[in-house]
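Thanks for coming. I have one structure to go through today, so please look at the sequence and the model first.

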Amino acid sequence: MGGVGVLLLGTGVTAFGIAPLAPDAADLPVRQVVEALAAPTQQDIHSLLATQPISPMVLFRSDTTRRDDTAQSLLQRLGVSDTQAQAFLRNDPVARQLLAAGRAGRTVHAEASDQQELLRLTARWLSSDERGFTRLVVEKSEQGELTSRLEQGTLTATSRLASGVIRSSLFAATDAAGIPDPVAIQLAEMFSSDIDFRRDLRQGDRFSVVYESLEADGESLRTGRVLSAEFANDGREREAVWFEEPGHKGGYYGFDGQSSRRYYLASPLEFSRVSSGYGMRFHPITGGRKAHMGVDYAAPTGTPVRTIGDGVVEFAGVQRGYGNVIYIRHRNNQTTVYAHLSRIGVTKGQRVGQGDFIGAVGTTGASTGPHLHLEFRDNGVHVDPLAIARQSESVPVAPAFRARFDAVAKLQRMQLDAAASIQQASAE
Ligand SMILES: [Zn+2]
């Protein structure tokens with residue numbers, strides 16, 4: 001009612017030809033209004049964005065390229081709906097390298113406008129020699145044109161720590177710990193003379209590992225070498241640390257500085273997801289007749305076979321019973337024989353180094369299924385290859401490099417302990 005009075009008064013003043021005075025706000029009655037407001041709709045926000053000079057919204061998203069990706073399917077997963085960008089990724093000679101055949105598994109980062117237009121896209125991949133990386137950048141210019149460029153960068157090596165507990169298999173444990181397969185395989189290979197990872201693992205076995213990750217702008221593009229590891233198998237601890245004497249080939253050492261290099265590898269087949277599922281079996285010895293003189297490794301046809309030691313190829317060809325077979329002569333008149341191969345990859349007289357691939361598993365000759373038959377002969381006498389593999393060179397670090405080794409070992413010891421404590425913390 002008071003408000004109305006003021007208004008009337010104002011009108012009356014006008015009648016006298018005097019400029020109206022604005023009513024003093026302090027004199028106006030105060031009324032509280034409580035009212036439910038409808039939430040702004042998407043439409044409201046869009047019209048607000050269209051009229052308000054605020055900085056535009058940018059959406060960031062990352063995804064990984066897939067084998068059957070098209071420009072459209074990749075952009076869709078990145079939250080981009082932009083036909084210009086699709087056409088650009090298909091036709092631009094630089095940008096199309098992103099989805100070139102066989103380029104699955106690349107991480108792609110995209111920035112899009114709130115209109116789902118592509119503003120910027122980046123991806124990084126290993127160069128062909130795996131030492132550096134290529135960075136692809138696709139960007140929208142001020143004029144709204146998409147541009148592309150390739151840049152070359154060098155990888156940065158960082159250490160990663162991880163640990164795990166065996167519940168069923170090595171790969172189940174490394175998967176659970178987020179450890180890449182190449183690291184799991186190195187781990188199995190490092191300790192293969194002491195632990196048969198196909199048969200000797202026990203539930204509750206523990207491991208910790210420090211490995212190199214090679215990164216591009218902070219994104220891991222591949223793993224490098226295992227720098228150190230410890231493995232507790234059936235209550236026994238094994239440890240190894242990588243060390244390179246300047247000017248020499250590196251190798252694994254115990255923390256005491258004794259090399260764990262062996263004359264012979266424990267297995268002619270590299271440990272892998274496939275082979276880990278195959279049990280190693282020994283032929284039954286047939287009484288009265290000639291005993292089976294080797295070790296059989298069941299594995300799918302085509303599995304690579306490697307020489308377990310340095311040597312020279314003495315024979316590579318077909319022999320009755322053995323099928324495709326390779327003989328390699330090593331030091332001290334010792335010979336290894338690899339039989340039933342599907343493929344031979346070396347020739348007589350060729351020099352081979354420990355771990356070199358020489359052929360592939362098959363079932364040629366007198367064989368009932370795909371497997372590798374391995375024999376070890378010491379001066380012509382058959383010997384158990386597994387017992388031979390346990391013989392070590394055990395060369396200590398040269399005195400000149402001992403201080404350097406101790407520094408490396410100390411750092412690795414700390415990192416392994418840190419990795420193990422992460423495992424304990426997450427278990428509790
Ligand atoms: Zn056999």
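Leaving out residues up to four places away in sequence, Thr303 touches Leu269, Gly359, Ala360 and Val361. Contact here means heavy atoms within 4.5 Å. Thr303 sits in the loop that runs between strand S12 (295-298) and strand S13 (304-306). Its relative accessible area is 16%, so Thr303 is buried. Buried stands for under 20% relative accessible area, exposed for over 50%, and partly exposed for what lies in between, with a 1.4 Å probe and protein chains only.

Some ground rules. This is a predicted model, in which local features need pLDDT of at least 70 and side-chain atom pairs count only at pLDDT 80 or more, while totals for chains, interfaces and linings use all residues. Residues are numbered from 1 along each chain as its sequence is written, and side-chain values use heavy atoms, with hydrogens and water left out.

Now the overall picture. The protein has nine helices and 21 strands. These are DSSP runs numbered from the N terminus: helices are H or I with at least four residues, strands are E with at least two. Of the 428 residues, 39% count as buried. Among contacts with a separation of 6 or more, 62% come from residues 24 or more positions apart.

Is Thr336 buried or exposed? Thr336 is buried, because its relative accessible area is 0%. Thr335 has 9% relative accessibility and therefore also counts as buried.

What does Thr336 touch, apart from residues up to four places away in sequence? The list is Ile308, Ile326, Tyr327, Ile328, His330, Leu374, Glu375 and Phe376. With the same exclusion, Thr335 touches Glu314, Tyr327, Ile328, Arg329, His330, Glu375, Phe376 and Arg377. The C-alpha atoms of Thr335 and Asn379 are 7.9 Å apart, although 44 residues separate the two along the chain. The side chain of Thr336 also makes a polar contact with the side chain of Tyr338, at 2.9 Å. A polar contact is a pair of N or O atoms within 3.5 Å; within protein, one must be able to donate a hydrogen and the other to accept it, and residues adjacent in sequence count only if both atoms are side-chain atoms.

On to helices H5 and H6. The buried residues of H6 are Val183, Ala184, Ile185, Leu187, Ala188 and Met190. They pack against helix H5 (170-176), strand S7 (206-216), strand S8 (219-233), S9 and S10. Thr174 lies in H5 and, at 0% relative accessibility, counts as buried. Beyond its neighbours within four places in sequence, Thr174 is in contact with Ile179, Ala184 and Phe207. Thr174 and Ala162 are twelve residues apart in sequence and 8.9 Å apart in space, C-alpha to C-alpha.

Phe271 is in the loop between S10 and helix H7 (273-276). At 4% relative accessibility, Phe271 counts as buried.

How much space lies in the largest pocket? About 1,300 Å³. Of the 40 residues that line this pocket, Trp242, Gly251, Tyr252, Arg261 and Gln354 are the closest to its centre. The elements giving two or more residues to the lining are helix H6 (181-190), strand S9 (236-243) and strand S10 (251-253). A pocket is an open set of points on a 1 Å grid over the protein atoms alone, where a 1.4 Å probe fits, with protein on both sides within 12 Å along at least five of seven lines; lining residues have an atom within 4 Å of a point. Points are joined across faces, edges and corners, and a volume is the space filled by probe spheres set on them.

The lining has 14 nonpolar, 14 polar and twelve charged residues. Ala, Val, Leu, Ile, Met, Phe, Trp, Tyr, Cys and Pro count as nonpolar, Asp, Glu, Lys and Arg as charged, and the others, Gly among them, as polar. Domain 2 (157-262) and domain 3 (273-391) each give at least three residues to the lining, with bounds from an automatic or database domain assignment.

Last, backbone angles. Most residues other than glycine have a negative phi. Gln116, not a glycine, has a positive phi of about 65°. Gln116 is in the loop between strand S2 (107-113) and strand S3 (118-126), and at 36% relative accessibility it counts as partly exposed. Asp234, in the loop between S8 and S9, also has a positive phi, near 55°.
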